[in-house]
Amino acid sequence: MNTSETPADLVAAEDVLLFVNAAITATGQREFRSDAVGQQLSLDFLHAYARVNYRRVYASSLALDINDHNAARIVLGLLETAGEASAEERRTEGRLIAARLALLPPQRVYRLFGEVRRAGINNRRTRAIMRDWLAARPDLGHDAVKYRGGVKTAARHIHLRCPEGAEPLAEVGAFLFRPGRLPRYEHRLLDAWRRAHYEQGAVAELPFTVAEGFAARHGMKREVFLKRAAPRMTRLERLRTHSVTQRPETDLTAMPLTRLALYVLSLPFEQRAARRTELTGALRTAARRAAGGHAGSWGRVHAVLDDSFSSSGSGQKRRRPLAVALAGHHLLEVLAAPGAYRGLWTSGRGDALLVRPWGPTPLGMRVLDALEPGPGGAAPDRLVIVSDGWDNAPAGLAGEVLRVWRKRLDPGRRTAVVHVNPVYDADGFDVRRLAAGVPTAGIRDAEDLPALVEIARFAEGRTGAAELHAYLDRRVALFLGEKETVS
């Protein structure tokens, strides 16, 4: 730690980490131990606190691996309070906002534009950001069909000029604001939408979410509709529409790791066992892709993975904590040196593919097991704990084990310990920690684990605000340098 830093600097660093953890994990939805209202109120406070006191860091968070919900909230907060920023800050914020919008799913961006309109934010910079994002869309006609309300709201807010004539933008304007004026459209999807009102064959030409409504209107059988719509369905739509008795016609190895883990956990045990080779192979392939250049670089890795009952999540985030643990298990196996990984589930199970949320959370006992020397009598180079932090069998044992280990048995920190927590604790305004000396980071997707381990080191108390701001500056420079942005 830099000895020149004051207590205020250390508090600032802690505040920043508090907000970053929340921005990574919290979505304002119900968790296992807190309801949606509590989550939303907690997030409201943290966003306001970070924006007012640490505006530079608040904007820089857009360059981190925060979730889409909080990224959209940050963009709205920055646009809504532009008058509180200096000219230089506004220029940097504009670039960060444009770069982040390019990464967000289009439906979330259109929802954000609706919030911008309702908030009455209509300055020149905001209109330019919205206009440039719309101009960069690969097919605005497709958006007009799939996200009609969102495109219409955005076009009205920025006074998008839609001239008369046969230009693509003119057709989109006629489709949105003068429906029925043109006898037909040159754009394939716009015309398919027109024909789908009376022609059943045109339904399958539309995006799946739009086609579903027309299929119901025409009384089409679900099986027939799904078969016709299959070529235009996304990977996730195929997974959602196939029953558990059918295999989805999609390449599982191309799916993101955590999303794939969620799919695996949605299957009954019989299917998981019957498809063991396929599912395990897909998880390992996704893990190797997520590890990238970090593969095999972490040495001896032991992991404690939480599959207690609380890992079932909530109705809105079903099995999300368990999916992060399952995905983390496969990713850590790839990050470790070959043959140097050991994963321990809190339930004591040895078959990762068949895990389920069950029982209490004996983290302390599993941490003791994980700190045992591996083959050759060597302690692990890294101990990674993936858990919501509710150590309750017995309560507090994990924190005490780690405290004694660090103070008495490993004062030289030969074993790096990190706790990643997929659950936001609304009452504590942070993710729940196991012990004061154990670095903890929030996590939403297991793919982000290598980057989050780097962030977690700031939570040890050995680095202060200067190092943290330098890290954020590097992430912002990398984020903006890789993307073409607008000011």
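Is Gly141 buried or exposed? Gly141 counts as buried, because its relative accessibility is 3%. Buried means under 20% relative accessible area, exposed means over 50%, and partly exposed lies in between, with a 1.4 Å probe and protein chains only. The model is predicted: local features need pLDDT of at least 70, side-chain atom pairs count only at pLDDT 80 or more, and totals for chains, interfaces and linings use all residues. Residues are numbered from 1 along each chain as its sequence is written, and side-chain values use heavy atoms, with hydrogens and water left out.

Gly141 lies in helix 8 (residues 140–146). Helices (H or I, at least four residues) and strands (E, at least two) are DSSP runs, numbered from the N terminus. Leaving aside neighbours within four places in sequence, Gly141 is in contact with Val172, His187 and Leu190. Contact means heavy atoms within 4.5 Å. Leu104 is 37 residues from Gly141 along the chain, and their C-alpha atoms are separated by 19 Å.

Now turn to helix 6 (residues 106–118) and helix 9 (residues 148–157). They pack at an angle of about 45°, and their axes are 9 Å apart. Axes are lines fitted to C-alpha atoms, for helices over the stretch in contact, and angles run from 0 to 180 degrees between N-to-C directions. Helix 6 and helix 9 are therefore oblique to each other. Angles under 35 degrees count as roughly parallel, over 145 as roughly antiparallel, 65 to 115 as roughly perpendicular, and the rest as oblique. Helix 6 passes helix 9 in a left-handed crossing. On the helix 6 side, the contact includes Tyr110, Phe113 and Val116; on the helix 9 side, it includes Val151, Ala154 and His157. A crossing is left-handed if the near helix is turned anticlockwise from the far one by less than a right angle, and right-handed if clockwise.

His157 lies in helix 9. His157 counts as buried, because its relative accessibility is 4%. Not counting residues up to four places away in sequence, His157 touches Val116, Arg117, Ile121, Asn122, Arg127 and Met130.

Helix 6 also packs with helix 7 (residues 124–136), at an angle of about 155° and with axes 12 Å apart. Helix 6 and helix 7 are therefore roughly antiparallel. Their crossing is left-handed. Pro106, Val109, Tyr110, Phe113 and Val116 in helix 6 meet Thr126, Met130, Trp133 and Leu134 in helix 7.

Five strands form an open sheet in the order 2-1-3-4-7, with parallel pairing. Strand 2 (341–345) and strand 7 (440–442) are the edge strands, each pairing on one side only. Two strands pair if DSSP finds at least two bridges between them.

Strand 3 (residues 382–386) is largely enclosed by the rest of the structure, because four of its five residues are buried. Five bridges join strand 3 to strand 1 (residues 301–305), in parallel. Ala303 has Val384 of strand 3 as its bridge partner. Strand 3 also pairs with strand 4 (residues 416–421) over five bridges, in the parallel sense. Val386 stands opposite Val420 of strand 4. From strand 3 the chain crosses through helix 20 (residues 397–409) to strand 4, in a right-handed β-α-β crossover. Right-handed means that, with the strands pointing away from the viewer, the path from the first strand over the helix to the second runs clockwise.

Strand 4 pairs with strand 7 over three parallel bridges. There, Asn421 has Gly442 of strand 7 as its bridge partner.
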